[in-house]
Amino acid sequence: METAVKVTVVYYSATGHVADIAREIAVTAEKAGAEVRLRRVAELAPREVVESQPAWAANAAATADIPLATVEDVVWADAVVMGSPTRFGNVAAQLKQFLDTLGGAWQRGELADKIYSGFTSTGSAHGGNESTLLALMHSFHHFGGIVVAPGFTHPDKFADGNPYGTAHHDGGGAVPVGDVTRNAARVQAERVVRLAGALTAATS
Ligand SMILES: Cc1cc2nc3c(=O)[nH]c(=O)nc-3n(C[C@H](O)[C@H](O)[C@H](O)COP(=O)(O)O)c2cc1C
């Protein structure tokens, strides 16, 4: 019997947009036949700061049941899909902190030869979504990963317009994740599962 491809989706999200994309990717990967772990990384901001902002507090409550990511979740996977909100054109400190816990696994060669892919959300359309996705890829390259970008491989990618990864822009918090972003997330998840399946079949 064919073994299911193992996919770990790891994300940080303050106000829920990246969390929505993470769920879409996880559900789609599962539908495509993968065994999926959906994981959030630990919050680093003080509790009073989170609780002082309604959208941040609401997302923290809504996602409290999602397990925290561990190094083993990454080592376990054939494909790892990581998401972060754009912070000054870059990866959020919370996800970066998690990346920094992967040093031992990297040293043991446990991060290499996997598929990696990224997603993000920004406040504005040109607010740095591409620089955030490319910054995530810096780490993927160091891991010896195989970066799977969605490119313009499907008509839905021409609507979302970002070949580097799924990227939503929330219009300053006013625009929830909608069909354009969800369709792009599905294209990305299906592509990751398909290529991870081909890679594991070829190397096992
Ligand atoms: C400290 C901080 C820095 C941010 N920097 C950017 C930025 O450089 N460009 C941008 O378009 N949006 C920026 N944003 C907005 C977030 O990227 C955006 O609201 C995103 O959708 C939040 O995702 P989340 O809801 O998953 O937390 C920033 C937000 C914060 C709090």
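**From an exposed loop to the ligand**

Modeller: Happy to! Let's start at F88, which is exposed, with a relative accessible area of 89%. Please keep in mind that this is a predicted model. You will find F88 in the loop between β3 and β4, the latter spanning residues 90-91. Its backbone deserves a look too: the phi angle of F88 is near 50°, a positive value, and F88 is not a glycine. As background, most residues other than glycine have a negative phi.

D113 is not a glycine either, yet it has a positive phi of about 65°. Look for D113 in the loop between α6, which covers residues 103-107, and β5. D113 is also counted as exposed, because its relative accessible area is 59%, again over 50%.

How many residues surround the ligand? There are 17, and the closest are S13, T15, S121, G127 and D170. If you sort this shell by class, you get 4 nonpolar, 11 polar and 2 charged residues.

Start with the side chain of S13: one of its N or O atoms is 2.6 Å from an oxygen atom of the ligand. For T15, a polar side-chain atom lies 2.4 Å from an ligand oxygen. With G123, the backbone takes part instead, as one of its polar backbone atoms is 2.9 Å from a nitrogen atom of the ligand. As for cover, the ligand on its own has 650 Å² of accessible area, and the protein covers 74% of that. Two or more residues of the shell come from each of α1 (17-31), β3 (79-87) and β5 (115-122). The most come from β3, which gives 3 residues.

Finally, let's step back to the chain. An unreviewed UniProt entry lists residues 7-204 as "domain: Flavodoxin-like". Over that stretch, the model is 47% helix and 18% strand, and the C-alpha atoms at its ends are 17 Å apart.

Technical notes. Residues are numbered from 1 along each chain as its sequence is written. This is a predicted model: local features need pLDDT of at least 70, side-chain atom pairs count only at pLDDT 80 or more; totals for chains, interfaces and linings use all residues. Side-chain values use heavy atoms; hydrogens and water are left out. A residue is near a molecule or strand if one of its heavy atoms lies within 4 Å of it. A polar contact is a pair of N or O atoms within 3.5 Å; within protein, one must be able to donate a hydrogen and the other to accept it, and residues adjacent in sequence count only if both atoms are side-chain atoms. Accessible areas come from the Shrake-Rupley method with a 1.4 Å probe; for residues, only the protein chains shown count as cover. Helices (H or I, at least four residues) and strands (E, at least two) are DSSP runs, numbered from the N terminus. Ala, Val, Leu, Ile, Met, Phe, Trp, Tyr, Cys and Pro count as nonpolar, Asp, Glu, Lys and Arg as charged, and the others, Gly among them, as polar. UniProt positions are given in the numbering used here, feature names are shortened, and annotations may be inferred rather than shown by experiment. Buried means under 20% relative accessible area, exposed over 50%, partly exposed in between (1.4 Å probe, protein chains only).
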